[in-house]
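Here is a short briefing on a single chain. Look over the sequence and the fold, then read the points below.

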Amino acid sequence: ANGRDWWVLAMKDGSNLIYKVLITPMGIVSITSQSVNMPIPYYGNAGQPCFSPDGNKFAFTSGRVTNPAYYDTRIFAFDRCNGNLDSLGYIVDSSEVGFALSFSSNSRYLYHASAGKIRQADTDASNIIASDTLVATFDGYCYPCPSCCTTFWLMYLAANGKIYITSGAGT
């Protein structure tokens, strides 16, 4: 919030604990933790954590590759002054494991992806979970072999305001 210091967050595996590290020009000045008020995440496949471009929201996914597969997307308001997180909710998708997250360039929409679909949630909506909408599905394309399918993998919001998505395999 002061334009100089940085917060680094790290999730403790298999727990609701998030470590918060404050880094200033003098180095690390604070290491604290916060328990978030959500069910204990199913790690084993922790997804891509991300902050919104304005720094006021934070999200991450958790999941497990078991039968049945499970993942959820956890969304928080982030206080840039004190590093505190306040839960805005979580979106459950029990059909397949998800990996990717990216906020839109205006910090309003959160895109979260599993291997087979991309969803969009309006993080400014009064009910974020109800705003969650399917926006893309995997078309089944595999090249050069059947095991090299171009499923959705990771997302990145680039400087040009576009979100780029990598594939888990294939060309």
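Strand β6 (residues 70-78) is largely enclosed by the rest of the structure, because 8 of its 9 residues are buried. This is a predicted model.

- Together β6 and β7 make a hairpin, with 6 residues between the two strands.
- G83 lies in the turn of this hairpin and has a positive phi of about 80°.
- In a regular strand, side chains alternate between the two faces of the sheet.

**Residue D122**
- D122 belongs to strand β10, which covers residues 117-122.
- A polar atom of the D122 side chain lies 2.9 Å from the backbone nitrogen of D124.
- Leaving out residues up to four places away in sequence, D122 touches R108, Y109, I128 and S131.

**Confidence**
- Mean pLDDT for the chain is 87. A pLDDT of 70 or more is reached by 89% of its residues.
- Among the elements of the chain, strand β3 (residues 27-35) has the highest mean pLDDT, at 96.
- Strand β5 (residues 57-64) has the lowest, at 83.
- Where pLDDT is low, the predicted coordinates should not be read in detail.

Key
Residues are numbered from 1 along each chain as its sequence is written. Side-chain values use heavy atoms; hydrogens and water are left out. Helices (H or I, at least four residues) and strands (E, at least two) are DSSP runs, numbered from the N terminus. A polar contact is a pair of N or O atoms within 3.5 Å; within protein, one must be able to donate a hydrogen and the other to accept it, and residues adjacent in sequence count only if both atoms are side-chain atoms. Contact means heavy atoms within 4.5 Å. pLDDT is the predictor's confidence in each residue, from 0 to 100. Buried means under 20% relative accessible area, exposed over 50%, partly exposed in between (1.4 Å probe, protein chains only). Two strands pair if DSSP finds at least two bridges between them.
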